[in-house]
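Please open the model in your viewer and keep the selection tool at hand. The stops below go from single residues to the whole chain.

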Amino acid sequence: MFCSAEAEARYAAFIDAAPGAVVGLDFDGTLAPIVDDPTQAHIHPEAAAALIDLAEAVGTVAIVTGRPARQVLALGALDDLGDTIAARGRRLQIFGQYGAERWDSTHRVIHTPRPPSGLATLERELPRLLRNAGAADAYVEDKGLAVAVHTRRLADPVGAYDRLLPALKELADRHHLVLEPGRAVIEVRSGAADKGRVIKELVRATDAKAVLFVGDDLGDVEALHAVGGFIEQGLAGVRVCVRNPEVSALLSLADVVLEGPDGVISFLRALVEDVRAHASDN
Ligand SMILES: O=P(O)(O)OC[C@H]1O[C@H](O[C@H]2O[C@H](CO)[C@@H](O)[C@H](O)[C@H]2O)[C@H](O)[C@@H](O)[C@@H]1O
């Protein structure tokens, strides 16, 4: 599970500092299994119990996702979970759309900015681009602040992805937007937010001495780099990657590698046990 002796030592230091630590968790592929239909990506059945315990064990728990906050609240049943966490005097935070949207279990309001200029025009141009790329049947997810083109359910998902990538890049550039490639998905969005900025903000706001992030996809790379930056500054940082057959780029950044959302839940449970054991020893 640990990729090096240094990683294991930093995990031990993280456990020491857990009451003031930040834990960031990606949603799709991390807390929810990858499925063909993005509207059906429900959270792991054991995630609620694991998150309740985690929120009591560490200082800050945040779900940091590319999903719109409203969607992740529904797919994760996180409103109810937030109630339970709040009733125990703790807090769950959600950063949706790579940090552009925010919700927390204390205030229960989604803060969302206006859609980036250029997005509406781009969406009108999209059907023609999809037809020209032989991907007219791609599933287009309107995320309000962004648009995501999914190739997973096409006959040739990899071929369509490879044709769409340069075409969408040209379209995004023309509208001063950025591409966010992911697992069988290419998203066009504003470049104003990313998961790394969220992690940096959380660590600074809470003056955390320890930080851990779990992710599986390219949109998580900035968060893993942010943890890496804090490690260089002497914090107890742990970069946890979920292995997946579609994106291997994260593995070289990992301190810990896990197998799917089942592995994530087991890891979070073990982490909570380690924090409890450490507290009862001290
Ligand atoms: O940051 P995340 O929480 O990982 O969200 C990233 C994107 O996840 C969703 O797409 C991914 O999951 C789908 C359901 O399992 C899967 O069908 C798709 O292939 C994956 O890329 C979501 O639909 C996107 O909007 C998110 O940006």
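Select Thr151, which sits in the loop between β6 and α6 (157–174); helices (H or I, at least four residues) and strands (E, at least two) are DSSP runs, numbered from the N terminus. This is a predicted model, in which local features need pLDDT of at least 70 and side-chain atom pairs count only at pLDDT 80 or more, while totals for chains, interfaces and linings use all residues. Residues are numbered from 1 along each chain as its sequence is written.

Thr151 has 24 C-beta neighbours inside 10 Å and therefore counts as buried; a residue is buried if 20 or more other C-beta atoms lie within 10 Å of its own, exposed if 12 or fewer, and partly exposed in between, with C-beta atoms placed from the backbone. Leaving aside residues up to four places away in sequence, Thr151 touches Ala135, Ala138, Pro157, Ala160, Tyr161, Leu164 and Ala184, where contact requires that the C-beta atoms, placed from the backbone, lie within 7 Å. A C-alpha to C-alpha distance drawn from Thr151 to Glu180 gives 14 Å, for residues 29 apart in sequence.

Most residues other than glycine have a negative phi. Ala77, in the loop between α3 (69–75) and α4, has a positive phi, near 50 degrees, and counts as partly exposed, with 13 C-beta neighbours inside 10 Å. Tyr98, in the loop between β3 and β4 (101–104), likewise has a positive phi, near 60 degrees, but Tyr98 is buried, with 27 other C-beta atoms within 10 Å.

Now display helix α2 (residues 47–57), where Ala47, Ala50, Leu51, Leu54, Ala55 and Ala57 are buried. Viewed down the axis of α2, these buried residues fall within an arc of 160 degrees, so they line one face of the helix; the arc is that of the directions from the helix axis to the C-beta atoms. The elements against which the buried residues of α2 pack are β1 (22–25), β2 (60–64), α4 (78–87), β3 (92–96) and α9 (260–281).

Colour the chain by domain: domain 1 (5–113 + 193–281) and domain 2 (119–189), with bounds from an automatic or database domain assignment. Their C-alpha centres lie 28 Å apart, and 15 residues of domain 1 are in contact with 14 residues of domain 2. On the side of domain 1 that touches domain 2, the residues divide into seven nonpolar, five polar and three charged; Ala, Val, Leu, Ile, Met, Phe, Trp, Tyr, Cys and Pro count as nonpolar, Asp, Glu, Lys and Arg as charged, and the others, Gly among them, as polar.

Where does the ligand shell lie relative to the two domains? Both domains give residues to the shell around the ligand, so it lies between them. Of the 24 residues around the ligand, those that come nearest are Phe27, Asp28, Pro38, Thr65 and Gly66, a residue being near if its C-beta atom, placed from the backbone, lies within 6 Å of the molecule. β6 (146–150) and β8 (185–189) each supply at least two residues of this shell.

Finally, zoom out to the protein chain, which has nine helices and eleven strands.

How values were computed:
Two residues are in contact if their C-beta atoms, placed from the backbone, lie within 7 Å.
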